[in-house]
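Visitor: I would like to go through this model with some care, beginning with the chain as a whole and then turning to individual places in it. Could you take my questions one at a time?

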Amino acid sequence: MFSGIGDFLSSGSSWAFFIFALLAIGGAIFMISFTKVVHMVVSVALTFISLAGLYIILEAEFVAFVQVLIYAGAISILMIFGIMMTKHRQGEETEPRRPWHEGLAILGSLGLFGVLFYAIQKTNFVATKTFDAGKDNTLEIGKLLYNEHVIPFEIMSVLLTVAFIGAIVIAKREED
C-alpha cells in the first residue's frame with residue numbers, strides 16, 4: 001500500500017505538487033474559517049495562485065496564466081470592489097459555539113482523506129497518449145479554439161454578454 005511513497009518523495013516535482021496542494025487546501029480552509037471578508041478574498045487568491053502552480057507542474061502553462069490573470073487578479077479585485085461599494089454593519093453577529101461540529105468536520109475530513117488515499121494507492125492508472133511537451137500549448141489551444149470549437153466559443157461569448165447586461169439591469173432595479 002505504501003510502496004509508491006518513496007518514489008513520490010524522491011522527486012522535486014512531487015514536492016512542488018505537495019506544497020502547492022497544501023497551499024490550495026489551506027487557502028480554501030482559511031476562506032471558510034475567516035470572518036472578515038477581506039481576509040476571505042486573500043485566502044481565495046492564495047488558493048487560485050496555488051492552483052496555477054499545480055497547472056504549471058502539469059505543463060499547462062496557458063491554463064496557469066489564465067488562472068492567475070482571471071481568477072487571482074480580476075475576480076479578487078472585483079470582490080474587493082464589491083466589498084468597498086457595499087454597506088456593512090458595524091456589529092458582527094456571533095453564532096453559538098458548537099464544539100462537536102468541529103470534531104465531526106475533522107473526523108469527516110480524515111475519513112475522506114483515508115478513502116481517497118486508499119483509492120489512489122489501489123488504482124492502476126493506464127498510460128494514455130502523452131502530450132509532446134516541446135509543442136507550444138498556447139498555439140495548440142488557439143488552433144482548437146478557433147478551428148474546431150469556434151461555434152461554442154462564440155455562443156459562450158454571447159451568453160456572458162447577456163449575463164453581464166442582466167446583472168446591470170438587476171443592479172439598476174435595486175437602486176430605484
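Visitor: What percentage of the 176 residues in the chain is buried?
Guide: This is a predicted model, and a residue is called buried here when its relative accessible area is under 20%. Of the 176 residues in the chain, the share that is buried comes to 12%.

Visitor: How many helices does the secondary structure of the chain have?
Guide: Read along the sequence, the pattern is α-α-α-α-α-α-α, and there are zero strands. Among contacts between residues at least 6 apart in sequence, 53% join residues at least 24 apart. The number of helices is seven.

Visitor: Which element of the chain has the lowest mean pLDDT?
Guide: The average pLDDT of the chain is 80, and 84% of the residues score at least 70. Where pLDDT is low, the predicted coordinates should not be read in detail. Among the elements, H2 has the highest mean, at 90, while the lowest, 71, belongs to helix H1, residues 5-9.

Visitor: How far apart are the end C-alpha atoms of residues 64-83?
Guide: The unreviewed UniProt entry annotates several spans as "transmembrane region", including residues 64-83 and 104-121. In the model, residues 104-121 are 100% helix and 0% strand, with end C-alpha atoms 25 Å apart. Residues 64-83 are likewise 100% helix and 0% strand, and their end C-alpha atoms are separated by 27 Å.

Visitor: Is Trp 15 buried or partly exposed?
Guide: Trp 15 lies in helix H2 and is one of the residues that make the nonpolar patch. Because its relative accessibility is 41%, Trp 15 counts as partly exposed.

Visitor: What separates the C-alpha atoms of Ala 64 and Ile 49?
Guide: Ala 64 belongs to helix H4 and, because its relative accessibility is 3%, counts as buried. Leaving aside neighbours within four places in sequence, Ala 64 is in contact with Ala 52, Tyr 55 and Ile 56. Ile 49 is 15 residues from Ala 64 along the chain, and the C-alpha atoms of the two are separated by 8.5 Å.

Methods
Residues numbered from 1 in each chain as written. Predicted model: local features only at pLDDT ≥ 70, side-chain atom pairs only at ≥ 80, totals over all residues. Heavy atoms only, no water. Patch = residues over 30% accessible without salt bridge, like charges linked within 9 Å, V, L, I, M, F, W, Y side chains within 5 Å. Areas by Shrake-Rupley, 256 points an atom, 1.4 Å probe, with all protein chains shown as cover. Salt bridge = Lys/Arg side-chain N within 4 Å of Asp/Glu carboxyl O. Helix = DSSP H or I, 4+ residues; strand = E, 2+ residues; numbered from the N terminus. Buried < 20%, exposed > 50% of the residue type's maximum accessible area, 1.4 Å probe, protein only. Contact = heavy atoms within 4.5 Å. UniProt positions renumbered as here; feature names shortened; annotations may be inferred. pLDDT = per-residue confidence, 0-100.
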